[in-house]
Amino acid sequence: METFLLNKEIYQIPKNHFKKTLDELISILEVEDIINIQVRKLSLGQRMKCELIAALLHSPKILFLDEPTIGLDVVMQKKLRDFVREYNKKFNATVILTSHYMEDVRQLCDRIIVIDHGSILFDGKFDELVKKHTQQKIISVIFEKEVLREKLLKLGIIKDFDLPKVVLLVKRENANSVAEKLLKDFSVLDMNIEEPDIEDVIRNVFSKS
Amino acid sequence: MRYLNLFITLIKISFSRILIYRGNFASHATSSVGWGIFSVISIMLLTSKTPVVFGWSRNELILLTVLMNVIFGVYRSFIDANFWRFSQIIHYGDLDIVLLKPVDSQFQMSLWIFDLSSLLRFLFASIFAVYLIIIFHIPVSFVSILFFFILSTASIILLYSITFILLTLTIWFTRLSNLIDLINTVTNASRYPKEMFEHLTTFVFFILLPIVIIISTPVKALFQKGSLSDSILLLAFAFVFFSISRVFWKFALRFYASASG
Amino acid sequence: MRYFRIFFLQLQHAIEARSLSVVWFLTSLTTPLLMLIFWSGATAAAGGRIFSWSYSNFATYYLFIALASSMLTAHIEEDVAFEDINKGNLSQYILKPFPYYTSKFLLELPWRLFQGSLAISGIVIVALFFKNLVSVTSSPIILLLAIVIAILAFILSFTFKMILGLLAFWFTEISGVMNVNEIIFSIASGTLIPLEFFPNNLRTLFEILPFSYMIYYPIIAFLGKLNTTSLLQVILMQLLWIFIFSLVYKFTWAKGRKTFTAVGL
């Protein structure tokens, strides 16, 4: 709590505004119980939450988050992402996020900028990034009966061949026709058509540069 | 004023830290009082065979040491702890965080944390000083006490400024994290009377002058043996060095480069 | 043979951090210098001599104090207490195939040699300009014994400081203990004032305590103020204290290790 009060003085936050913002942040992050406990007794996740509150007390309009989910467990990662989303909506703040976890990017970001050695490789929406930098889609199939590898080679590149599951990389335009063919010619238990993994997309972006 | 509020909040935080880190506080308080006692014992040992040295009587020298503890007690409480933090901040490249805050950076580097354990030293030294003044029959007056306070304040500002200027050099020489120890040891020279340094070569004396007048001048004023020229010199130095510290700090910040991790 | 290589590595580190060493050296030089300035005025006020010491006697003494502080006093206790025990770096030492004592010894030695060489060069320069100030004994036997005393003094100081550092196993606030030690040390080792100046009962106390054998006796041995018999007595006392401290160290280390827990990050 003392750090919060200190930040109030540092950023000259008026008293009622301070109280309002503090209460909101505390309730969003669910830390009512711990704000008066000494920092050294808090866990890493609790500390992060309190640090966030301290940083946001003066309701900054622009938020720079540098690798915010690094070192956190899956539960905390989700909580943090939810928080960022909510803060963005509630306080109308612009959030600039850097991350190596593509999940953060996929779930939170409207606009993506990919930078490599100081030059911008891509700037646009998430879907555009995927479409532009992958010519392929992923078709995952679970076959009912055994299938010969050679028969699948005509349809696309085999990424994974581990019967009964096979993963194919197929050209974007052909995705639908390949899917049709699979269903027609083979006995399929389950099939999934997906965009490629965001990690692969990014790798692709970087390797093209 | 805004900085006053900030300062008060910081003091409050320091106080509550005492309650949390009680063992730490007790240990530091004991050390600082211990050093105070040691400084008095050592001056007594040093002067055991010479009743008058450098124009100061033995009693006066003992009182000089005690009053040194009074002044240094305040200095160590409010300012000194910040210098250790200063070295750490520069060494670990954390100056960015300081510069990003909407608070004057020199203020942040100088008056941010406090080690109130030294206040005990200040307290005991003050009581002991009063006691000695009475039993040694040192002639003090209300005016001389007032001058003592004014000049001590100037001394603290001067001591602060000198140390701050020297520490600013670590922006260029980041490896010198132990510089503050050297500075503190050298400025300890101020606990000896200024006259002791007078027969060094003029050049050396001139360099040491800002340091050696720090304690001697207010104490001499208290004893009503004050020299007007010294007092004016002290006030002038305090003002000049403080201004230099400000200008030099702003200048150094331009050179500061860090790699954010 | 590997100890030699490790020592060499540590020496490289010490040389890389030479600016730190220079600052430490200057720090250990300051107090003796201040004392010198004080004594020059005091001896003048007392008519040239105090306790039969002339100003040049004082000068020689304090020059050697500066040397002894740089070269013979180990400063390992802060490293042991703060870095190894408090911060948990001790784990990496426990994993090594040789004793903790040895690792720290090889770590400390280069710093002492580096700062000691700075001090020695300083003394040589002073000796060139002020020949009368630096009067070291010329008798080879006494010189040899003095060197032995100096080496033993370092081992004594090092072992003592290791024990001091290990106290951090039990005291979370170790800095208070270290401060008290510094105060006692500066008085009892002759760093502040030559031990001759103390009244007799205190002198006897200091002769029993180990501190005088870390600084005072090596210095006056080199100054040639003791005869061979006395020198051998000094060596005997040093060996006795080293023996005592070794036992205390072993005990402290064994007990302390059991209480040590380190938390990985």
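Visitor: How do strand S3 and S4(A) pair, and over how many bridges?
Guide: Strand S3 (residues 111-116) of chain A pairs with S4(A) in the antiparallel sense, over six bridges. Keep in mind that this is a predicted model.

Visitor: And which residue stands opposite A:Asp123?
Guide: That is A:Ile113, with A:Asp123 lying in S4(A).

Visitor: What sits between the two strands, S3(A) and S4(A)?
Guide: They form a hairpin, with two residues between them. A:His117 is in that turn and has a positive phi of about 50°.

Visitor: How many of the residues in S4(A) are buried?
Guide: Zero, out of seven residues; strand S4 (residues 119-125) of chain A is hardly covered.

Visitor: Let's zoom out. What percentage of chain A counts as buried?
Guide: For the 209 residues of chain A, the figure is 16%.

Visitor: What are the spans of its C-alpha trace, then?
Guide: Along the principal axes, the trace of chain A spans about 70 × 35 × 25 Å. The radius of gyration of chain A is 24 Å, while a compact globule of 209 residues would have one near 17 Å.

Visitor: How many helices and strands does chain A have?
Guide: There are nine helices and eight strands in chain A. As for its contacts between residues at least 6 apart in sequence, 60% join residues at least 24 apart.

Visitor: Switching to chain B: at what angle do H7 and H8 of chain B pack?
Guide: Helix H7 (residues 142-168) and helix H8 (residues 179-187) of chain B pack at about 150°, and their axes are 10 Å apart. The crossing of H7(B) with H8(B) is right-handed.

Visitor: Which residues meet there, between H7(B) and H8(B)?
Guide: From H7(B) you have B:Leu159, B:Thr163, B:Leu166 and B:Leu167, and they meet B:Leu179, B:Ile180, B:Ile183 and B:Thr187 of H8(B). By class, that contact has six nonpolar, two polar and no charged residues.

Visitor: Now the interfaces. How many residues of chain B are in contact with chain A?
Guide: On the chain B side there are 10 residues, in contact with eight residues of chain A. Those of chain B split into five nonpolar, three polar and two charged.

Visitor: And how many residues do chain C and chain B bring to their contact?
Guide: Chain C brings 26 residues and chain B brings 29 residues. On the chain C side, the elements giving two or more residues are helix H2 (18-45) and helix H8 (175-188). H2(C) provides the largest share, 14 residues.

Terms used:
Residues numbered from 1 in each chain as written. Chains lettered and ligands numbered in written order. Predicted model: local features only at pLDDT ≥ 70, side-chain atom pairs only at ≥ 80, totals over all residues. Contact = placed C-beta atoms within 7 Å. Helix = DSSP H or I, 4+ residues; strand = E, 2+ residues; numbered from the N terminus. Buried ≥ 20, exposed ≤ 12 C-beta atoms within 10 Å, placed from the backbone. Pairing = 2+ DSSP bridges. Nonpolar A, V, L, I, M, F, W, Y, C, P; charged D, E, K, R; others polar. Axes fitted to C-alpha atoms, helices over the stretch in contact; angles between N-to-C directions. Left-handed = near helix turned anticlockwise from the far one by under 90°. Rg over C-alpha atoms; globule rule 2.2 N^0.38 Å.
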